[in-house]
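Please look over the model shown here before reading on. The points below are numbered so that each can be checked against the coordinates.

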Amino acid sequence: MPAPLLLLLLLVLCCNGAAAAKAHSDSLHLELVRRPPSPSATTRLDLLRELYRSDQLRQRMISQSIGQRRHGRRPLQAPAASHNDSQPAPAPAEESFAMPLTSGAYTGTGQYFVRFLLGTPAQKFLLVADTGSDLTWVKCHRPRGCRRCGRGRFFRPRASTSYAPIRCSADMCKSALPFALATCPTPASPCAYNYGYSDGSMAKGVFAQESATITVSRGARRRKLGGLVVGCTTSSVGSSFRASDGVLGLGYSAVSFAARAAAGFGGRFSYCLVDHLSPRNASSRLTFGPTPALSHPALPPPRATELVLDARLQPFYAVRIDGVSVDGELLPIPSSVWDAARGGGAILDSGTSLTVLAEPAYRAVASALSRRLGGVPSVSVDPFDHCYNWTAAGPAAEVPKLVLHLAGTARLEPPAKSYVIDVAEGVKCIGITSAPWPGVSTIGNILQQEHLWEFDLQNRRLRFRRSTCRSV
């Protein structure tokens with residue numbers, strides 16, 4: 001599904017290293033690197049304004065895409081492979097593989113990149129890791145003399161013995177690729193896509209099946225992960241792709257990399273986001289398989305709630321919210337705001353930085369926070385609605401406690417810095433924005449930071465706990 005790639009912040013797993021060693025879990029380690037900042041963005045406020053703009057564009061895309069599903073305009077797919085012969089062999093219960101991630105704060109961008117090995121023999125690529133997209137693609141066929149093709153590497157299909165084009169006659173093209181916008185003059189024509197992103201970026205190409213090479217930590221041995229649906233992009237434009245070789249789709253979909261990888265490793269994956277302002281050497285992980293840090297005997301049990309895998313919200317991962325409180329006061333937010341069947345719902349999205357709430361929820365949350373911050377001198381900072389001179393407030397200034405009450409007894413209690421954010425020296429703003437109602441609300445990556453999250457697709461369960469995400 002299309003998703004703006006300007007700010008994709010991939011969710012990451014924080015695993016306890018000692019616990020992982022004791023469990024002797026296999027793991028895949030892929031280095032992540034951030035793209036350089038925009039030349040026009042020179043201050044933190046400039047960067048936050050760009051994040052704000054991009055989040056608004058992404059939210060518009062999310063609402064439009066979900067609206068199309070609610071009205072039956074796009075086929076709905078269950079997250080299962082279309083062909084039994086492409087199913088991954090189940091790994092032993094204790095095995096997993098992981099991708100190390102680092103914060104991109106030093107570059108001033110919200111995207112995470114993963115070094116990915118594709119094809120046989122393996123070709124190296126730097127891909128954007130995107131939990132809001134079900135399409136994995138790489139740039140192909142760099143045209144000779146092309147001056148606008150961007151930087152990076154290009155996949156060479158003819159050099160890979162495992163590359164298998166998907167034709168229009170294939171069942172996979174006709175039914176299992178809901179994002180394929182194919183024009184098929186003949187059954188033998190390639191199954192094609194034309195992705196348009198809300199920030200003006202575009203990727204056009206053809207689908208194929210391929211294999212990725214993963215390296216497991218035990219014995220440093222490599223293995224193949226086959227049956228991947230991959231796009232060979234022959235044309236791409238837009239700032240989103242200038243520093244990457246493509247996109248790694250991690251959304252909830254039959255053909256996403258997340259579904260494919262999780263299917264062979266216990267039907268689950270997890271991630272942990274370090275503080276979004278962390279230095280370059282801070283590391284965390286995205287893991288497929290069991291998460292030792294969630295069952296560490298020295299730590300309290302994680303909180304758990306239902307993982308909503310609703311066809312109306314694909315490819316996004318959703319949760320049920322029972323309410324929101326500020327300093328213990330439950331806010332008067334209509335229940336319909338959190339109900340996907342009534343035009344609402346709430347998703348967790350790594351590609352959105354600032355949390356975006358549907359208008360009724362935004363009004364209630366922003367009002368409650370701003371009332372309690374009434375003693376702090378306010379300042380005007382475009383585009384945020386509520387900003388404060390924190391230096392003038394003095395050391396006694398406190399941020400109200402925000403809590404999201406999830407279905408069951410789970411409570412998400414983000415650190416204050418996740419919703420009252422630093423925008424400039426001595427200046428903080430309420431880092432939550434609004435979206436039109438009816439519409440979905442989005443829990444962004446800043447509100448998710450410093451938490452370990454496990455998405456159990458098989459049992460439809462979300463587990464999480466606070467973490468510095470640096471114990472990997």
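1. In this predicted model, a polar atom of the H451 side chain lies 3.2 Å from the backbone oxygen of Q449. A polar contact here is a pair of N or O atoms within 3.5 Å; within protein, one must be able to donate a hydrogen and the other to accept it, and residues adjacent in sequence count only if both atoms are side-chain atoms. H451 belongs to strand 26 (residues 451-456). Helices (H or I, at least four residues) and strands (E, at least two) are DSSP runs, numbered from the N terminus. H451 counts as buried because its relative accessible area is 2%; buried means under 20%, exposed over 50%, and partly exposed in between (1.4 Å probe, protein chains only). Leaving aside neighbours within four places in sequence, H451 is in contact with residues including Y271, C272, E413 and R465, where contact means heavy atoms within 4.5 Å.

2. Since the model is predicted, local features need pLDDT of at least 70 and side-chain atom pairs count only at pLDDT 80 or more, while totals for chains, interfaces and linings use all residues.

3. Two residues other than glycine have positive phi. E450, in the loop between helix 7 (445-448) and strand 26, has phi near 55°. E450 counts as buried because its relative accessibility is 14%. R460 has a phi of about 50° and is found in the loop between strand 26 and strand 27 (461-466). At 43% relative accessibility, R460 counts as partly exposed.

4. The unreviewed UniProt entry lists D130 and D349 under "active site". UniProt positions are given in the numbering used here, feature names are shortened, and annotations may be inferred rather than shown by experiment. The two residues are spread over 220 residues of sequence but cluster in space, with a largest C-alpha distance of 8.9 Å.

5. What does each of the listed residues touch or pair with? D130 sits in strand 3 (residues 123-130) and is buried, at 0% relative accessibility. A polar atom of the D130 side chain lies 2.8 Å from the backbone nitrogen of G132. D349 is in the loop between strand 16 (346-348) and strand 17 (355-358), and D349 too has 0% relative accessibility and counts as buried. The side chain of D349 makes a polar contact of 2.5 Å with the side chain of R58. Residues touched by D349, beyond four places in sequence, include T131, G132, F316 and N445.

6. Strand 3 also holds L126, which counts as buried because its relative accessibility is 11%. L126 and F116 are 10 residues apart in sequence and 6.2 Å apart in space, C-alpha to C-alpha.

7. The largest nonpolar core has 74 residues, of which F257 and F288 touch the most other members. Such a core is a set of buried Ala, Val, Leu, Ile, Met, Phe, Trp, Tyr and Cys residues joined through side-chain atoms within 4.5 Å. Helix 5 (residues 359-372) gives the most to this core, seven residues. Apart from it lies another core of 17 residues, among them L135, W137, M172 and C191.

8. Four strands form an open sheet in the order 18-19-23-22, with antiparallel pairing; two strands pair if DSSP finds at least two bridges between them. Strand 18 (378-379) and strand 22 (420-424) are the edge strands, each pairing on one side only. Strand 19 (residues 387-389) and strand 23 (residues 427-430) are joined over three bridges, and N389 stands opposite V427. P383 lies in the loop between strand 18 and strand 19, and the peptide bond from D382 to P383 is cis, with omega near 10°.

9. As to confidence, the mean pLDDT is 80, and 76% of residues reach 70 or more; pLDDT is the predictor's confidence in each residue, from 0 to 100. Over residues 1-41 the pLDDT is below 50, although this stretch has 208 contacts in the model beyond near neighbours in sequence. Residues 73-86 also stay under 50, with 30 contacts beyond four places in sequence.

Note on methods: Residues are numbered from 1 along each chain as its sequence is written. Side-chain values use heavy atoms; hydrogens and water are left out.
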